[in-house]
Amino acid sequence: MDFGKNLERLIEQSGHSKKDVAAALGIAPNTLSGYINNHRQPDLDMLIKIADYFHTSTDHLLDYKAMQNNSHLRVLSLVSHRLEGLDENQLELVMKLAEQVVNFDIKNKK
C-alpha cells in the first residue's frame, strides 16, 4: 500500500467527504486528489497536518514497514485521539501503561 491509498482509506474511514477534508487541511480539492492519486506529494508540514487530522502517524501514512511490525505503536496511534479529553493524572496513567506494554513487548521479542 502507498501513501495515496492510505490517505484514501483514512478519508473513507473518517466518513468525511474529500471536499471537507481538503477544506480542513486548507488545500484545494484537486490538490488532495493529486495526493490520493500519487500525482503530487505533500511537503513535510502538510504530511504532519494530514497525520494530525486523522490522528495517526506519518509512519502509518507513508506505510513505513517498521511501523507495521510494531502492533503496540499502531494501537497507540489509532487511539491517541481519544486521549485528548483526559486530565493530567489520567494521561499519566495511560502513558505508564503504554510504557509497560512496550517494555513487555520488547522483553518478549528477545
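Helices here are DSSP runs of H or I with at least four residues, strands are runs of E with at least two, and both are numbered from the N terminus. The model is predicted: local features need pLDDT of at least 70, side-chain atom pairs count only at pLDDT 80 or more, and totals for chains, interfaces and linings use all residues. Residues are numbered from 1 along each chain as its sequence is written, and side-chain values use heavy atoms, with hydrogens and water left out.

**Whole chain**

Start with everything shown as a cartoon. There are eight helices and zero strands, in the order α-α-α-α-α-α-α-α along the sequence. Of the 110 residues, 27% count as buried; buried means under 20% relative accessible area, exposed over 50%, and partly exposed in between, with a 1.4 Å probe and protein chains only. Contact means heavy atoms within 4.5 Å. Among contacts between residues at least 6 apart in sequence, 51% join residues at least 24 apart.

**Stop 1: I36**

Select I36, which lies in helix α3. I36 is buried, with a relative accessible area of 8%. Leaving aside neighbours within four places in sequence, I36 touches G4, K5, L7, E8, I11 and K18.

**Stop 2: α1 against α3**

Two packed helices are described by the angle between their axes and the distance between the axes. Axes are lines fitted to C-alpha atoms, for helices over the stretch in contact, and angles run from 0 to 180 degrees between N-to-C directions. Select residues 3-14 for α1 and residues 29-36 for α3; these helices pack at about 125°, with axes 7 Å apart. That makes α1 oblique to α3, given that angles under 35 degrees count as roughly parallel, over 145 as roughly antiparallel, 65 to 115 as roughly perpendicular, and the rest as oblique.

Show side chains at the contact: F3, G4, K5, L7, E8 and I11 of α1 meet L32, Y35 and I36 of α3. By class, this contact of α1 with α3 has six nonpolar, one polar and two charged residues. Ala, Val, Leu, Ile, Met, Phe, Trp, Tyr, Cys and Pro count as nonpolar, Asp, Glu, Lys and Arg as charged, and the others, Gly among them, as polar.

**Stop 3: α2**

Select residues 18-25, helix α2, where V21, A22 and L25 are buried. Seen down the axis of α2, the buried residues fall within an arc of 100°, so they line one face of the helix; the arc is that of the directions from the helix axis to the C-beta atoms. Exposed K19 and A23 are on the face turned away from the buried side of α2. The buried residues of α2 pack against α1, α3 and α4.

How far apart are the axes of α2 and α3? The distance is 8 Å, and the angle is about 105°. α2 and α3 are therefore roughly perpendicular to each other. K18, V21, A22 and L25 of α2 make the contact with P29, L32 and I36 of α3. These residues of α2 and α3 divide into six nonpolar, no polar and one charged. Step on to G26, which follows α2 and has a positive phi, near 75°.

**Stop 4: α4**

Select residues 44-53, helix α4. Here M46, L47, I50 and A51 are buried. Viewed down the axis of α4, the buried residues fall within an arc of 140°, so they line one face of the helix. L44, D45 and D52 are exposed on the face of α4 turned away from the buried side. The buried residues of α4 pack against α1, α2, α3 and α5 (58-62).

**Stop 5: the core**

A nonpolar core is a set of buried Ala, Val, Leu, Ile, Met, Phe, Trp, Tyr and Cys residues joined through side-chain atoms within 4.5 Å. The largest has 17 residues, and L7, L32, Y35 and I50 have the most contacts inside it. α1, α2, α3 and α4 each supply at least two residues of this core. Select L7: apart from neighbours within four places in sequence, L7 contacts L32, Y35, I36, I50 and F54.

**Stop 6: two loop residues**

Select N38, in the loop between α3 and α4. Phi of N38 is positive, near 60°, in a residue other than glycine. N38 is partly exposed, with a relative accessible area of 39%. Finish at H55, in the loop between α4 and α5. H55, also not a glycine, has a positive phi near 55°, and H55 is partly exposed at 27% relative accessibility.
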